[in-house]
Amino acid sequence: MRHNMSGQSPEISHIDEHGLIQVKITLSNPLRWVNSYIMRDEDGMTLIDPGPRTNTSEQEWKDALTMLRIGFDEITTVVITHHHPDHYGMAGWFQEKSGADVWMSERAHQEAGLMWGDFGAADMNEEMPAFFALHGMPQAWLSQLPEHLNSFIAQVSPQPKVTYIREDTPLRMGGRVWLPVQTAGHAPGHLSFYHPDSGVMICGDAVLPQISPNVSLVPGSDAEPLWLFLEGLRRLRELPVRVAYPGHRHPFTHYRERIDALLLHHEERLTDIAGMLSRAGGLTAFEVCTALFGDQLGIHQMRFAMCEALAHLAELVRQGRAEQRETEAGVYRFRLV
Ligand SMILES: [Zn+2]
Ligand SMILES: [Zn+2]
């Protein structure tokens with residue numbers, strides 16, 4: 001029988017007195033694992049963020065459910081924080097096996113359609129390279145993008161039928177009533193779930209310990225993602241949180257301090273980029289990207305680095321600190337105003 005790469009069964013932790021269970025599902029990228037959460041109540045099991053669909057994750061889930069003595073038919077609800085493959089990917093697989101309802105925000109579902117919908121995949125394979133070309137990315141990188149983007153299709157197949165979660169409608173999971181908090185920037189329509197009485201926040205990738213959640217400018221999606229991300233952090237910061245359960249790494253209690261550190265990180269990065277633009281007199285987004293992150297990245301990391309650089313440049317433009325001009329070569333350069 002095939003197990004995960006380490007040959008171990010998935011790590012399962014009972015993390016609070018209300019019966020919340022954390023299951024670590026292996027990722028092949030540097031994030032190493034995604035946290036899925038399970039809760040039980042009289043209506044059945046709710047599963048949050050099952051992970052990407054791979055041979056490894058399928059086996060890990062079969063092992064995890066066996067260890068927890070949960071049958072697929074007991075899973076009545078799958079809840080998705082956001083559309084990224086490492087969270088949303090197995091929703092359709094679980095729906096096929098269990099008949100569960102799959103819940104996510106309408107905005108997140110729209111974004112899944114943009115990336116992988118019938119109308120999405122082929123378009124994005126052309127639109128993203130064309131967009132990055134305008135922003136100075138060399139052909140050697142651009143030519144890798146379509147295959148890279150296609151590699152996610154298997155991780156999100158089959159795609160689920162979805163029911164929408166509205167931010168103004170509390171959600172009952174595991175015998176507790178949770179308040180959905182919708183933010184953007186890391187992913188449009190991202191939902192966190194807050195339980196005021198116990199001070200528990202299930203925060204997906206909106207707030208992560210140790211890792212700065214990627215903020216991406218993606219063609220056809222939100223035009224000012226960093227602004228939206230920072231606005232979201234400021235809203236999340238208002239909630240008194242005792243313990244946060246993130247999409248990656250470990251549960252953490254320094255929730256507000258972590259948000260403050262992320263806000264500061266982005267302010268500093270904006271200042272750094274403004275400094276680069278003032279010294280160079282104008283740079284493409286790709287030049288900013290490689291100045292920040294180097295050029296020794298794989299295509300996966302390079303895509304996120306480029307989208308992150310673009311998100312910061314868009315914020316400098318929104319703040320009136322920089323402007324974007326098209327050169328005679330048909331490439332955009334950013335410079336200070
Ligand atoms: Zn994510
Ligand atoms: Zn993630």
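1. Arginine 69 lies in the loop between H1 and S5 (helices, H or I of at least four residues, and strands, E of at least two, are DSSP runs numbered from the N terminus). Its phi is positive, about 55°, although arginine 69 is not a glycine. At 72% relative accessibility, arginine 69 counts as exposed (buried is under 20% relative accessible area, exposed over 50%, and partly exposed in between, with a 1.4 Å probe and protein chains only).

2. This is a predicted model, in which local features need pLDDT of at least 70 and side-chain atom pairs count only at pLDDT 80 or more, while totals for chains, interfaces and linings use all residues. Residues are numbered from 1 along each chain as its sequence is written, chains are lettered from A and ligands numbered from 1 in the order in which they are written, and side-chain values use heavy atoms, with hydrogens and water left out.

3. Aspartate 49 belongs to the loop between S4 and H1, and with 2% relative accessibility it counts as buried. Most residues other than glycine have a negative phi, and most peptide bonds are trans. Serine 157 and proline 158 are joined by a cis peptide bond with omega about -10°; proline 158 sits in the loop between helix H7 (145-150) and strand S7 (162-164).

4. Seven aromatic pairs are present in the structure (rings of Phe, Tyr and Trp, the last by its six-membered ring, pair if their centres lie within 6.5 Å; planes under 30 degrees apart are stacked, over 60 edge-to-face, the rest tilted). The ring centres of tyrosine 37 and tyrosine 245 are 5.8 Å apart and the planes stand at 50°, so this pair is tilted. It connects distant parts of the chain, with tyrosine 37 in strand S3 (residues 33-41) and tyrosine 245 in strand S12 (residues 243-246), 208 residues apart. Tyrosine 37 and tyrosine 245 are both buried.

5. Tryptophan 61 and phenylalanine 94 have ring centres 5.3 Å apart and planes at 90°, so they form an edge-to-face pair. Here helix H1 (residues 55-68) supplies tryptophan 61 and helix H3 (residues 91-98) supplies phenylalanine 94, 33 residues apart. Both residues are buried, and ring pairs join Trp61, Phe72, Trp93 and Phe94 into a cluster.

6. Helix H3 has six of its eight residues buried, so it is largely enclosed by the rest of the structure. The buried residues are Ala91, Gly92, Trp93, Phe94, Gln95 and Ser98. Just after H3, glycine 99 adopts a positive phi of about 75°.

7. The zinc ion (ligand 2) lies 3.3 Å from the zinc ion (ligand 1), and aspartate 205 coordinates both. Aspartate 86 is in helix H2 and histidine 248 in the loop between S12 and helix H9 (255-280), so the two tie together parts 162 residues apart in sequence. Aspartate 86 and histidine 248 are buried.

Definitions and conventions. Donors = N, O, S within 2.8 Å, 3.2 Å for Na, K, Ca; no water.
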